[in-house]
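Here is a short tour to take alongside the sequence and the 3D view. We will stop at the ligand, at one helix, and at a few backbone details worth a look.

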Amino acid sequence: MITAKTKIAGIEFDSYIFNASGIKDGTLEELEEIGKSESSAIMLKSCTIEPRKGNEKPREINLPFGYFQSEGLPNLGYRKYLEFIPKLKQYKKPIIASVVGFSLEEYRVLVKTFQESEVDLIEVNLSCPNIVEEGLPIVYNFEKIKELLDKISNLGEKPIGLKLPAYLCYVLQEKMADLIKQYNVPFIASINSVGNALIIDPGKETTLIKPQKGFGGLSGGYIKPIALGNVRRFYELLKDKVSIMGVGGIKTGQDAFEFLLAGADAVQVGTTFEREGVNCFQRINKELEEILEKKGYSSISDIRGRLKYL
Ligand code: SIN
């Protein structure tokens, strides 16, 4: 029997599947449920310096092929998540903090603080699509990202990674990959929900969510091909030097297998976790292991990135 173990930035994960930040991971109870489940890691909700209530409701909706939301980063503030970490250590799996700053200094404080905590990895979320910033958002401003990496790269020993948006243009993705290489960023999560999306109710002639005149981020099956494309491009650009967490539309073991072929070292599950609850991790993992076994592969590394071309 195959066990689809994997490694992210040198840290062992018992399986290829864990939760994506932002779904049912904002409170201690929710995080403990993830701890008890077969999610191979506990990914914390993206947190900010101060607690946030998030955007006005209704702010999310389930759609036939995915999820649409403008949550606006509701979270308890980083101090609360720091308090949770010792309690989450009992589950003996990697704990991943996820942080969002509203300035470079806030990012620095958040990364430094989690560097001094007992988390195993730190995801620096650059790509929340639902925060309106003045000027160009950091994720599209390579000079600012460079400044950020200068500030946060040497604050401690724990691997820090970047949660990135969907790149719809190869040149921009190549530029991002150059920065990742230049700063030896050990892991990335690709992709965040796709922003600037609008869903309309034609009957009522209204938007479906209230914040930002109905604009929000799209996830789930709708974005899977974009996520696969981004993971593949990063795999080609970064070779084996950077671990890649694939995110976007992983519902079945077959989806996870496609991300594996594209080059992901692990996948995060969001929309399906939202719908199915914690059992999804075990189910997807079992389905993936069955596919690997049927195809005669004995490990993740046998097939990672081995997509064939026509
Ligand atoms: C949100 O809270 O608005 C979404 C968070 C994210 O996509 O990073």
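This is a predicted model: local features need pLDDT of at least 70, side-chain atom pairs count only at pLDDT 80 or more; totals for chains, interfaces and linings use all residues.

**Around the ligand**

- The residues surrounding the ligand are Gln69, Glu71, Gly72, Leu73, Pro74, Asn125, Cys128, Pro129, Asn130, Asn192 and Ser193.
- Sorted by class, this shell contains 4 nonpolar, 6 polar and 1 charged residues.
- A polar backbone atom of Leu73 is 2.7 Å from an oxygen atom of the ligand.
- Of the 260 Å² of accessible area that the ligand has on its own, the protein covers 90%.

- Helix H3 (residues 104-115) is made of 12 residues and spans 16 Å from first to last C-alpha, close to the 16 Å expected at 1.5 Å a residue.
- Buried residues in H3 are Leu104, Tyr107, Leu110, Val111, Phe114 and Gln115.
- Viewed down the axis of H3, these buried residues fall within an arc of 135 degrees, so they line one face of the helix.
- Asn230 belongs to helix H6 (residues 224-238), and with 3% relative accessibility Asn230 counts as buried.
- From Asn230 to Val247 the separation is 17 residues in sequence and 9.9 Å in space, C-alpha to C-alpha.

**Backbone details to look up**

- Most residues other than glycine have a negative phi, and most peptide bonds are trans.
- Lys57 and Pro58 are joined by a cis peptide bond with omega of about -5 degrees; Pro58 is in the loop between strand S4 (42-47) and strand S5 (60-63).
- A cis peptide bond also links Ser190 and Ile191, with omega of about 20 degrees, and Ile191 is in the loop between strand S10 (187-190) and strand S11 (194-198).
- Ala9, in the loop between strand S1 (6-8) and strand S2 (11-13), has a positive phi near 50 degrees and is partly exposed at 24% relative accessible area.
- Gln212 has a positive phi of about 45 degrees and counts as partly exposed at 30% relative accessibility.

Key: Residues are numbered from 1 along each chain as its sequence is written. Side-chain values use heavy atoms; hydrogens and water are left out. A residue is near a molecule or strand if one of its heavy atoms lies within 4 Å of it. A polar contact is a pair of N or O atoms within 3.5 Å; within protein, one must be able to donate a hydrogen and the other to accept it, and residues adjacent in sequence count only if both atoms are side-chain atoms. Accessible areas come from the Shrake-Rupley method with a 1.4 Å probe; for residues, only the protein chains shown count as cover. Ala, Val, Leu, Ile, Met, Phe, Trp, Tyr, Cys and Pro count as nonpolar, Asp, Glu, Lys and Arg as charged, and the others, Gly among them, as polar. Helices (H or I, at least four residues) and strands (E, at least two) are DSSP runs, numbered from the N terminus. The expected span of a helix is 1.5 Å times one less than its number of residues. Buried means under 20% relative accessible area, exposed over 50%, partly exposed in between (1.4 Å probe, protein chains only). The arc is that of the directions from the helix axis to the C-beta atoms.
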